[in-house]
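Open the model in your viewer and get your selection tool ready. We will go from one selection to the next, and at each stop I will tell you what is there.

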Amino acid sequence: MAVLFEKTKYLTDKQFHYCPGCNHGIIHRLVAEVIDEMNLDGKVIGVAPVGCSVFAYDYFNCDMYEAAHGRAPAVATGIKRAAKDRLVFTYQGDGDLASIGTAEIVHAAHRGEKICTIFVNNAIYGMTGGQMAPTTLIGQKATTCPAGRSEEWSGLPIKMSEMLAAVPSSYYIERVAVNTTANINKAKKAIAKAFKYQMEGKGFCMIEVLSTCPTNWGMSPVEAMKWLEENMIPYYPLGVYKDKGAE
Amino acid sequence: MALTLMKGSEAIAEAAIRAGARYFFGYPITPQTEIPEYMSARMPEVDGCFLQAESEVAAINMVYGAAGTGARVITSSSSPGVSLKQEGISYCAGAMVPAVIINVMRGGPGLGNIQASQGDYFQGVKGGGNGDYHLLTFAPASVQEAIDLMMIAYDKAEKYRIPVLFLADGIIAQMMEPVELPEMVDYKIDPEQKPWACTGWKPGDDPAKRGIINSIYIDTESLAVHNDELQAMYKEVVANEQMWEEFNCENADYIITAFGTVARIAKSAITELKAQGINVGLVRPITVWPFPYDAIRKVVDQPSVKAVLDVELNEGQMLEDVKLAINGTKEVDFFGHCGSQMPTTAEIVTKILSMKEGK
């Protein structure tokens with residue numbers, strides 16, 4: 001019997017702890033499939049963040065670290081400097097990367113570290129139960145902005161891809177989403193390009209993946225996908241923000 | 001072997017390289033900036049890596065990353081910078097990542113000053129970061145001793161999987177002394193020796209051997225098991241790794257306790273007091289964690305000993321451990337300065353004389 005499809009060997013058999021409708025499962029699989037297709041056995045080290053994907057070390061089937069909140073790019077820097085031939089990636093959420101870890105991500109990009117960051121932006125703190133993030137949209141309700149985020153009080157949501165594309169040494173920055181089949185395919189291609197650039201010795205790459213959080217947004221998974229399309233994508237436009245390899 | 005005149009900070013850096021360190025991550029801060037400066041020139045000569053991080057927070061996390069691959073890694077800073085490193089130090093301790101951290105102590109709290117201090121004793125030996133952990137903590141009293149301790153630091157760190165802290169006052173880093181440098185150690189990462197490290201596991205290999213550098217144990221049972229393992233390791237360190245120096249202790253009338261540079265000044269005071277017919281001894285902890293409680297207790301228990309004087313360049317931090325060691329059996333007095341005014345030989349002599357006169 002012909003095998004038409006099988007689970008990638010770069011995911012363990014551990015059952016995900018993610019909520020129903022969460023996009024982490026899709027994104028994990030894309031990352032794992034790309035690694036699998038690159039034939040890098042024994043040469044992959046991932047770094048999990050603090051946030052919903054704190055247990056990513058239990059899911060990605062390779063050498064893994066669990067970093068302090070926001071520090072994954074610094075940890076990945078240490079790993080890559082010591083193990084230059086490895087594919088080193090961080091997997092971080094928006095509380096981790098866009099709030100407490102801004103110094104680490106900006107300076108990893110600034111140094112042109114040869115690492116890749118998968119930045120999952122769902123506009124909220126998931127793990128701690130739905131607090132406002134720097135990426136929370138204007139008017140979006142969260143447990144620490146129950147009346148909805150106001151520009152007057154909290155400023156406008158931060159745009160990390162645009163910001164990091166402006167850092168001179170960043171190499172490849174793209175924002176994708178996983179809300180449709182077409183977008184999932186584009187997301188996988190972006191991750192594959194970033195990983196390929198790293199193994200060619202190019203500089204810092206980040207793929208921002210817009211993601212839903214049905215639980216903390218208070219929506220069904222289907223409503224959440226619609227909300228992402230109607231609210232997140234207009235504010236966080238998809239596309240390539242920087243690609244030195246294409247220049 | 002020929003002696004070389006070297007500044008403490010540069011000697012510490014060179015010793016680390018000779019002990020096999022090939023990765024340095026740090027951030028400039030007085031009075032230890034000569035360490036990163038030296039490393040920036042020296043590391044490329046040995047195919048190593050010097051990286052100036054954006055902050056001390058990032059630097060210690062780079063240490064966590066590099067050391068998790070099995071490499072020998074070092075970072076250095078001074079008091080306010082070491083405060084910033086505490087988060088990462090706690091993670092290294094929790095994940096049992098061996099590494100070497102240098103604290104060239106300056107005056108505090110806050111920005112304090114840039115002169116020598118011993119004000120970070122509590123921070124170094126009583127925690128510093130969150131959770132139940134310890135660091136194997138060396139307090140060198142000379143440049144040569146700092147070198148010698150560095151040559152055993154990585155072996156100890158790797159044997160127990162414990163981070164090692166050098167608690168050195170600013171004098172140790174800033175003074176020049178004639179030293180003998182050891183031979184270069186030929187260190188190579190051996191996955192057999194470091195089965196916990198991320199050295200190239202692949203799918204299909206034994207899942208139990210996958211490298212996972214981690215300090216989270218989310219359910220109470222597994223965290224309890226992990227902490228029991230840590231505590232068992234700390235017990236072994238306490239049993240095997242205490243180091244101290246005794247000077248003129250036999251049948252002494254008074255015992256001085258001091259660490260680092262202050263202990264050398266205390267020795268001068270002891271020599272002067274001897275000339276006046278007063279017999280004073282010194283116990284100098286070289287490891288301040290594990291603390292040599294039993295050694296101090298044994299010396300102080302001598303019937304000849306009337307009282308103990310603890311001298312520090314702070315307001316009395318090690319004093320608490322000295323009191324725990326003696327446990328109320330003899331009187332313990334304290335002399336010290338904060339604000340980085342080094343206690344002088346004359347001050348220590350005067351203090352002992354006043355104790356003798358019962359003042």
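Start by selecting strand β4 of chain A, residues 116-121: six of its six residues are buried, so the strand is largely enclosed by the rest of the structure. Buried here means that 20 or more other C-beta atoms lie within 10 Å of a residue's own; 12 or fewer makes it exposed, anything in between partly exposed, and C-beta atoms are placed from the backbone. Helices (H or I, at least four residues) and strands (E, at least two) are DSSP runs, numbered from the N terminus.

Before moving on, two notes on what you see. This is a predicted model, in which local features need pLDDT of at least 70 and side-chain atom pairs count only at pLDDT 80 or more, while totals for chains, interfaces and linings use all residues. Residues are numbered from 1 along each chain as its sequence is written, and chains are lettered from A and ligands numbered from 1 in the order in which they are written.

Now show the side chains of β4(A). Cys116(A), Ile118(A) and Val120(A) point one way, Thr117(A), Phe119(A) and Asn121(A) the other, and all are buried.

Strand β3(A), residues 87-93, runs parallel to β4(A) and is joined to it by five bridges; look for Gln92(A), whose bridge partner is Phe119(A). Strand β6(A), residues 204-210, also pairs with β4(A) in the parallel sense, over six bridges, and here Cys116(A) stands opposite Cys205(A). Two strands count as paired if DSSP finds at least two bridges between them.

Zoom out to chain A, which has ten helices and seven strands. Of its 247 residues, 53% are buried. Its C-alpha trace spans about 50 × 50 × 35 Å along the principal axes.

Then select Gly42(A), in the loop between α1 (24-37) and β1 (44-48) of chain A. Gly42(A) counts as partly exposed because it has 15 C-beta neighbours inside 10 Å. Leaving aside residues up to four places away in sequence, Gly42(A) touches Gly200(B), Trp201(B) and Lys202(B), where contact means C-beta atoms, placed from the backbone, within 7 Å.

That brings us to the interface. Select the 29 residues of chain A that are in contact with 31 residues of chain B. On the chain A side, the elements giving two or more residues are β2 (63-66), α3 (72-82) and α5 (102-110), and α3(A) gives the most, with eight residues. For a link between the chains, pick β2(A) and strand β9(B), residues 212-213: they run parallel, joined by two bridges, and Met64(A) has Ile212(B) as its bridge partner.

Definitions and conventions. Contact = placed C-beta atoms within 7 Å.
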